[in-house]
Amino acid sequence: MTQQKLSLAFVVVAVLIGALLGSWATTATTSAGSKKIRRTILLNFKPNTSPAQIQQIIREVKANITQIEGVRHVVAGPQINQNAAFQYGISMDFDDEAALKRYRQDEGHRGTHNKYVHLIAQSQITDLCEE
């Protein structure tokens, strides 16, 4: 092989490696900026809230949340640990911060919250970001 062909082959290989590394770096950066988020909402309802009302709230919340783009793994129900400070919980995973933002702005979610907030005695919200 001539020197000119070797030089051309080296340039082609270098460009391909650079393109692959550049593509990998972009993918890694995008993934790092789009970490999954888990939100957990713990609730205690006021004493005058009936079990039927609580079941209705849980059903409506779950139905509304599961319709939002980027929301996954919605779990809502009673606490099974008898020593826990909260009696009910809702947990959901968001694909990324954009999905969390859609959730916060969603009219169905906000409407359900406003409809039942007067029945909540105490709540706690945590948002955990995947490392």
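## Exercise 1: two helices in contact

α2 crosses α4 in a left-handed manner (left-handed: the near helix is turned anticlockwise from the far one by less than a right angle; right-handed: clockwise). The model is predicted: local features need pLDDT of at least 70 and side-chain atom pairs count only at pLDDT 80 or more, while totals for chains, interfaces and linings use all residues. Residues are numbered from 1 along each chain as its sequence is written, and side-chain values use heavy atoms, with hydrogens and water left out.

**Task.** Determine how α2 and α4 are oriented to each other, and which residues make the contact.

**Solution.** 
1. Locate the helices: α2 covers residues 51–65 and α4 covers residues 107–116 (helices are DSSP runs of H or I, at least four residues; strands are runs of E, at least two; both are numbered from the N terminus).
2. The packing angle is about 165°, and the axes are 9 Å apart (axes are lines fitted to C-alpha atoms, for helices over the stretch in contact; angles run from 0 to 180 degrees between N-to-C directions).
3. The two helices are therefore roughly antiparallel (angles under 35 degrees count as roughly parallel, over 145 as roughly antiparallel, 65 to 115 as roughly perpendicular and the rest as oblique).
4. α2 contributes Gln56, Ile57, Glu60, Val61 and Asn64 to the contact, and α4 contributes Gly108, His109, Thr112, Lys115 and Tyr116 (contact: heavy atoms within 4.5 Å).

## Exercise 2: the largest pocket

**Task.** Describe the largest pocket by its volume and its lining.

**Solution.** 
1. Its volume is about 340 Å³ (a pocket is an open set of points on a 1 Å grid over the protein atoms alone, where a 1.4 Å probe fits, with protein on both sides within 12 Å along at least five of seven lines; lining residues have an atom within 4 Å of a point; grid points are joined across faces, edges and corners, and a volume is the space filled by probe spheres set on the points).
2. The lining has 17 residues, and Ile41, Tyr103, His109, His113 and Ile120 are the closest to the centre.
3. At least two lining residues come from each of β1 (37–45), α2, α4 and β4 (120–129).
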